[in-house]
Amino acid sequence: MRIPYATQWIDAADVKEVIEALYSSHLTQGPRIAAFEKKVAEYCGARYAVAVNSGTAALHAACFAVGLKPGDEVITSPITFVASANCVLYCGGRPVFADVQSDTINISPEDVNNKISNKTKAVIPVHFAGQPCDLEELSNIAQKNGLVVIEDAAHALGAEYKGSKVGACKYSDMTILSFHAVKHITTGEGGMILTNREDIYNQLMMFRTHGITRDGDLMINKHEGLWFYEMQLLGFNYRITDFQCALGMKQMDKLEEFVSRRRKIVAKYDQAFRKIANIVLLKEKAENKSSWHIYPIQVKSDRHKVFDALQREGIGVNVHYIPVYLQPYYSELGYQPGICPRSEKYYSQAITLPLYPKMKDEDVDTIIEKVSAALEDCSI
Ligand SMILES: *Cc1c(COP(=O)(O)O)cnc(C)c1O
């Protein structure tokens, strides 16, 4: 039987809630959206939350809300999903890639500092694999240089940094989440932006629905009556549905359990792999509690061979990530290989092992066994 690299956990409580939403008065633009937003905001410790239909939409909205314009530069990590950088392109800006730290594979604050120019407007740190970046350092650099910080926490719902939950926006202007099926909680597709800033919140609320507001207090012209609305900016339809939010609410009830199960699996992996010389594990810093979205290892032998051997054995291994700037679209824009050597070295050795709460202990044992065997075979 194949072990996938990730899969969702849906139970009867989830299904029941979604069915109720489907039979209710609102499939979309109903009360479940605000309820879901409130639940996530309270869990994370943020004042405002805006739910949208993907993590990518959340990133786009975040870039829009800080007024990103053509010519502006935004610094992010190359070891991420393409969406973390594409959101800058959507606004006509230019993503600038800062290298990762070789132990955590999170963005290096030092290299962020090196990549700042007079065009830099924002930094998008990605909490890789679920471990928070060095947010305090990044926030200090941002403050010194007048930059906005947007945390890409698509991997990190449930993680903690220096005693506070990721998403509290203590060291940032916004945090974005993804609820894609492989993430910590799912709404099928979905995303959210968390913030403590009211000005940003108002922009985000309009942006997700065509740039339209019905709030009388926000009108530019005279409010003419109950039918009245104003389109004040060029937004999109990035709305999430009520039945997705119904699922999200029930998933939130299980989040702590999900995260703790992920941590238990990782502890088992770590214990076994620490003894193997050819494997390098991600370092978890003392101030962090990772929520472990993925479990990437680096193999100091032929990665292709190890990867293929595990695939043949039915283990759904994956690679996170190909450095974004090596993608053909980015090459076309003029990005050259070699910009971030530590990221490229990491990529050449990376393999992601399966990790999801539904995994059985036997699956974990099987994977440990197969990985050990594959490494032995491939090192000869
Ligand atoms: C999943 C993911 C996204 C995008 O989220 P979608 O909901 O799939 O649009 C963005 N950044 C990172 C790091 C991700 O893993």
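Visitor: What makes a stretch of this chain a helix or a strand?

Guide: In this predicted model, a helix is a DSSP run of H or I with at least four residues and a strand is a run of E with at least two; by that definition the secondary structure of the protein chain comes to 12 helices and 15 strands.

Visitor: Why does the radius of gyration of the protein chain agree with a compact globule?

Guide: The globule rule, 2.2 Å times the number of residues to the power 0.38, gives a value near 21 Å for 380 residues, and because the protein chain has 21 Å, the two agree. Along its principal axes, the C-alpha trace spans about 80 × 55 × 40 Å.

Visitor: How many of the residues in the protein chain are called buried?

Guide: A residue is buried when its relative accessible area is under 20%, and buried residues make up 56% of the 380 in the protein chain. The chain still exposes about 16,500 Å², of which carbon and sulfur atoms supply 52%.

Visitor: What makes a group of residues a nonpolar core, and which members of the largest one touch the most others?

Guide: Its members must be buried residues of the nonpolar set, joined through side-chain atoms within 4.5 Å; the largest such core has 40 residues, and Phe 128, Tyr 269, Phe 273, Tyr 295, Ile 297, Leu 353 and Val 371 touch the most other members. Elements giving two or more residues to this core include α8 (242-273), β14 (295-299) and α12 (361-379), and α12 gives the most, with seven residues. In soluble globular proteins, nonpolar side chains tend to be buried together.

Technical notes. Residues are numbered from 1 along each chain as its sequence is written. This is a predicted model: local features need pLDDT of at least 70, side-chain atom pairs count only at pLDDT 80 or more; totals for chains, interfaces and linings use all residues. Side-chain values use heavy atoms; hydrogens and water are left out. Buried means under 20% relative accessible area, exposed over 50%, partly exposed in between (1.4 Å probe, protein chains only). Accessible areas come from the Shrake-Rupley method with a 1.4 Å probe; for residues, only the protein chains shown count as cover.
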